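Colleague: Please take me through the pockets and the cavity of this model, with the criteria stated.

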Amino acid sequence: MANTLRLIGRRLLQLPIMILGITFLVFFVMSFSQVDPAITALGEGASIEDREQYREEHGLNDPLLVRYFAFLAGLVRFDLGTYTSRQLPVIDQIATAFPVTLSLTFLGLIIAVIGATLLGVTAALYRDRWPDQVIRVFSVASLSMPSFWLAILLIQLVTLQMGALPASGPLPPFSEDPAGWLARMTLPAIALAVPVIGQLSRVVRTAMVEELDRDYVRTAIGAGVPRAVVVARNVFRNALITPVTVLGLRVGYLIGGAVVIEIIFALPGMGTLILQGITNNEPNLVQGVTLTVALAFVVINIIVDLLYVLINPRIRSV
């Protein structure tokens, strides 16, 4: 237990350091933007004097480090600045869009985990037989399909030809219309999950095969324990460690992929928001979305690391 707490504490101590690094990197990169926030806020017709006054009032003429610490102070207050000439708070838009991206990411994650587990375990149990060969072909094919291409293909087949699921339109709140919400999110989640299923199913298969070849499995089966019981209670649990590690690395792909998929399916998430910011020359909006997505990636990976520590007794004993 002491080793576990020490490892968890070490991971948690790394979190603020990574957050500071991300905030500085995002702020530093965005400082090279050629877009003048004064023009964005006041409009093209604003006079030079009004623009200069706006820059002075908002600290845009201060040195980079001064502006960065002011930016950090704003983050503590959940203030990411404003956008458009109406001075709308960026945090309000992110608070509306981020749950959509997070929902799409986790729905894709659930589909990927279920699909990869079923395919990987089946391939391992039927090693070198026709189910294994079919799953292997599917894995290679899914890995070679970019999510955006698969998204377009799903729209053509499922929406336009079959008319089964919508690919556009409003996203109803889950609390009011769960069936409508799920129908609207299913195609984007599938497009996001399929490439992950391809990679993760191969990892699950390899881990399962290694466990099935261990001596304790043959001993248990030889002692009369049903093979299904050994697989369910021992083999599957021990084989989870490597797939969980790989899954943690793929969470970043899912978040980044969700941003692209949202644009294709016209979902009101972070992808649509950052496209709006780029199109309308809104640096504060782009900066806020980029920072939020990056921080979400770091936090989720820390959570996955902690889960890995908890499920792996060999790590806990180090």
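This is a predicted model: local features need pLDDT of at least 70, side-chain atom pairs count only at pLDDT 80 or more; totals for chains, interfaces and linings use all residues.

Modeller: Residues are numbered from 1 along each chain as its sequence is written, and side-chain values use heavy atoms, with hydrogens and water left out.

Colleague: How many helices and strands does the protein chain have?

Modeller: Helices (H or I, at least four residues) and strands (E, at least two) are DSSP runs, numbered from the N terminus. By that assignment the protein chain comes to 14 helices and 2 strands.

Colleague: What volume does the largest pocket have?

Modeller: On a 1 Å grid over the protein atoms alone, a pocket is an open set of points with protein on both sides within 12 Å along at least five of seven lines, whereas a cavity is a set where a 1.4 Å probe fits but cannot get out; lining residues have an atom within 4 Å of a point. Grid points are joined across faces, edges and corners, and a volume is the space filled by probe spheres set on the points. For the largest pocket this gives about 840 Å³.

Colleague: Which element gives the most to the lining of the largest pocket?

Modeller: The lining has 27 residues, with Phe27, His58, Leu60, Arg67 and Asn284 nearest the centre. Two or more residues each come from α1 (2–30), α3 (48–57), α4 (64–76) and α13 (283–311). The top contributor, with 5 residues, is α4.

Colleague: How many charged residues are in the lining of the second largest pocket?

Modeller: This pocket holds about 330 Å³, and Leu75, Phe78, Ile91, Thr292 and Leu295 lie nearest its centre among 14 lining residues. Ala, Val, Leu, Ile, Met, Phe, Trp, Tyr, Cys and Pro count as nonpolar, Asp, Glu, Lys and Arg as charged, and the others, Gly among them, as polar. The lining divides into 13 nonpolar and 1 polar, and the number charged is none.

Colleague: Which element supplies the largest share of the lining of the largest cavity?

Modeller: There is 1 cavity of 30 Å³ or more, and the largest cavity has a volume of about 60 Å³. Its 11 lining residues include Pro37, Thr40, Thr82, Glu282 and Asn284, which lie nearest the centre. At least two residues each come from α2 (37–42), β1 (82–83) and α13. The largest share, 3 residues, comes from α2.
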